[in-house]
Amino acid sequence: MKKIDLLIVDDHVLFSQALNGLVSNFKEFNVLATLNNGKELINYFLEDNLQPQIVLMDIQMPLINGIEATQWLKENKPEIKVLALSMEADEDIILKMLRAGAKGYLLKDIHPSVLQHALNEVYTAGFYYTENVTNTLLNSIHKKEKPTTVKLKERELEFLKLTCSEMTYKQIAEKMFLSPKTIENYREALFEKLDAKTRIGLVLYAIKEKIVIL
């Protein structure tokens, strides 16, 4: 089985070395390199080295920090997924990192099994949000200006409300007496209309627009 390549970017040498050893023991992953800051990360790519699928990124680093480095990756290497790993639990920092393009955010005191699960989720699903990060996203809703309301059809609204439940897409299809393919079309249409990329994005929109109240 081909392993998933990743980079570790952290200015704490002892921690990054320990993290390298930990991740290298995960059977699915291979650490290409450990770098000390965002500047070293950018230089790594400019030197045409092996490309990783995932970057484990710290936030507070000298020269170029994790937020700036993640923004650079989004603009120059959008196919590479960033998973933030930091001591910073501040909501503003988390939101800045996610807006810069990070696909997940973990605190450094997590259990190794959570890190392994998060890496797999970021690789396969494209994102990984802990309960803490999801709450941060929900809290941020109240700080944003209300966007222009998108007009949704009656069945789209029904689907959106059911998306906010614990039902699977298959169960939603049965509830609405529709085929799974039709439900998939509803989902893709709403992704485009609401500029969302995940089910979480749809839920956040529904809460923000008071379509549902959780």
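Reader: In H1, which residues are buried?

Author: This is a predicted model, in which local features need pLDDT of at least 70, side-chain atom pairs count only at pLDDT 80 or more, and totals for chains, interfaces and linings use all residues. Residues are numbered from 1 along each chain as its sequence is written, and side-chain values use heavy atoms, with hydrogens and water left out. Helices (H or I, at least four residues) and strands (E, at least two) are DSSP runs numbered from the N terminus, and buried means under 20% relative accessible area, exposed over 50%, partly exposed in between (1.4 Å probe, protein chains only). The buried residues in H1 are Ser-16, Leu-19 and Val-23.

Reader: Against which elements do the buried residues of H1 pack?

Author: Contact here means heavy atoms within 4.5 Å. The buried residues of H1 pack against strands E1 (4-9), E2 (29-35), E3 (54-57) and E4 (81-86), and against helix H5 (112-124).

Reader: Which element gives the most to the largest nonpolar core?

Author: A nonpolar core is a set of buried Ala, Val, Leu, Ile, Met, Phe, Trp, Tyr and Cys residues joined through side-chain atoms within 4.5 Å. The largest has 26 residues, and Leu-41 and Met-97 are among those with the most contacts inside it. Two or more residues come from each of E1, E2, helix H2 (38-46), E3, helix H3 (66-76), E4 and helix H4 (91-100). The element that gives the most, with five residues, is H4.

Reader: Is Thr-70 buried or exposed?

Author: Thr-70 lies in helix H3. Leaving aside neighbours within four places in sequence, Thr-70 is in contact with Met-57, Val-82, Met-97, Ala-100, Gly-101 and Ala-102. Its relative accessibility is 1%, so Thr-70 counts as buried.

Reader: In E4, what is the bridge partner of Met-57?

Author: Two strands pair if DSSP finds at least two bridges between them. E3 and E4 pair in the parallel sense over four bridges. In E4, the partner of Met-57 is Ala-84.
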